[in-house]
Every structure is written in C-alpha cells, then in structure tokens.
Amino acid sequence: PVETLSQGLALKFKPLNLDVLPLYIVLMAAFPIVLWFMLRWRNAVMVGSIGLYLAARHYGWNFESYPAGVWYFNPYAWQLLF
C-alpha cells in the first residue's frame, strides 16, 4: 500500500479507467506558466508546442507509469491539443 500510494502521488500509478486524470493534472499545473508566455509571445509558444509534439512523436518521449509501461495519454503530445 505504501508503494502504491507513493507512486500515485508521483502520478505514476493510474487506477483502472482513470488514465486521463494525471494528464489533466499535469496540463492544468503547467497552464499558468504557458498562459503567461502566450500573452507575451503567442507565436513562439505555438511553434514551441508544435516542436514539442513533433519531438515527442519522433523520439517516443512519454512519462513512465507504475508498475510498468508508459502513460496512455502522452502529455508531450496532448499538450498541443490542450
């Protein structure tokens, strides 16, 4: 139980059918910073977002999950849609 709880707090453990919850937490946590940049340099943020999406798809970047595997919803790719 302690290992599962610690992995859950680190957003690595995802219970059944809650795969989207860690993605939402990560995107909402990063949103204030991204919004601040968007208000000042919107084109640079869009180019950076597209670049991050393409790099994640090309290099296979994703977060690890517990006990094995990767996140079902890749935050590096879904950030572009968000």
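Q: Which residues make the nonpolar surface patch of about 740 Å²?
A: This is a predicted model, so keep that in mind throughout. The patch is made by Y24, M28, F31, V34, L35, M38, L39 and F82.

Q: Take M38. Where does M38 lie?
A: M38 lies in helix α2, which covers residues 20-40.

Q: And is M38 buried or exposed, or partly exposed?
A: Partly exposed. M38 has 37% relative accessibility. It falls in that class because the class sits between the 20% and 50% cut-offs.

Q: Switching to aromatics. How many aromatic pairs does the structure hold?
A: The count is 11 aromatic pairs.

Q: How do you describe a pair of aromatic rings?
A: By the distance of the centres and the angle of the planes.

Q: OK, F63 and W71. What kind of aromatic pair do they form?
A: Edge-to-face. The rings of F63 and W71 sit 4.9 Å apart, centre to centre, with 85° between the planes.

Q: Why call that edge-to-face?
A: Because the planes are 85° apart, and over 60 degrees counts as edge-to-face.

Q: Is W71 buried or exposed?
A: Buried. The relative accessible area of W71 is 4%.

Q: What about F63?
A: F63 counts as partly exposed, at 26% relative accessibility.

Q: What are the numbers for the aromatic pair of F63 and Y76?
A: That pair is edge-to-face too: 5.1 Å centre to centre and 80° between the planes.

Q: Where are F63 and Y76 in the chain?
A: F63 is in the loop between α3 (42-59) and α4 (75-81), while Y76 is in helix α4. They are 13 residues apart, and the pair links distant parts of the chain.

Q: How accessible is Y76?
A: Y76 comes out at 26% relative accessibility, which counts as partly exposed.

Q: Which residues form one aromatic cluster?
A: Y59, W61, F63, W71 and Y76.

Q: Now the whole chain. How many helices and strands?
A: There are 4 helices and 0 strands. Along the sequence the pattern reads α-α-α-α.

Q: What box do the C-alpha atoms fill?
A: Roughly 45 × 25 × 20 Å, along the principal axes.

Q: What share of the 82 residues is buried?
A: Buried residues make up 18%.

Q: Last one. Of the contacts with a separation of 6 or more, what share is between residues 24 or more positions apart?
A: Such residues account for 57% of those contacts.

Notes
Residues numbered from 1 in each chain as written. Predicted model: local features only at pLDDT ≥ 70, side-chain atom pairs only at ≥ 80, totals over all residues. Heavy atoms only, no water. Phe/Tyr/Trp six-rings, centres within 6.5 Å; stacked < 30°, edge-to-face > 60°. Buried < 20%, exposed > 50% of the residue type's maximum accessible area, 1.4 Å probe, protein only. Helix = DSSP H or I, 4+ residues; strand = E, 2+ residues; numbered from the N terminus. Patch = residues over 30% accessible without salt bridge, like charges linked within 9 Å, V, L, I, M, F, W, Y side chains within 5 Å. Areas by Shrake-Rupley, 256 points an atom, 1.4 Å probe, with all protein chains shown as cover. Salt bridge = Lys/Arg side-chain N within 4 Å of Asp/Glu carboxyl O. Contact = heavy atoms within 4.5 Å.
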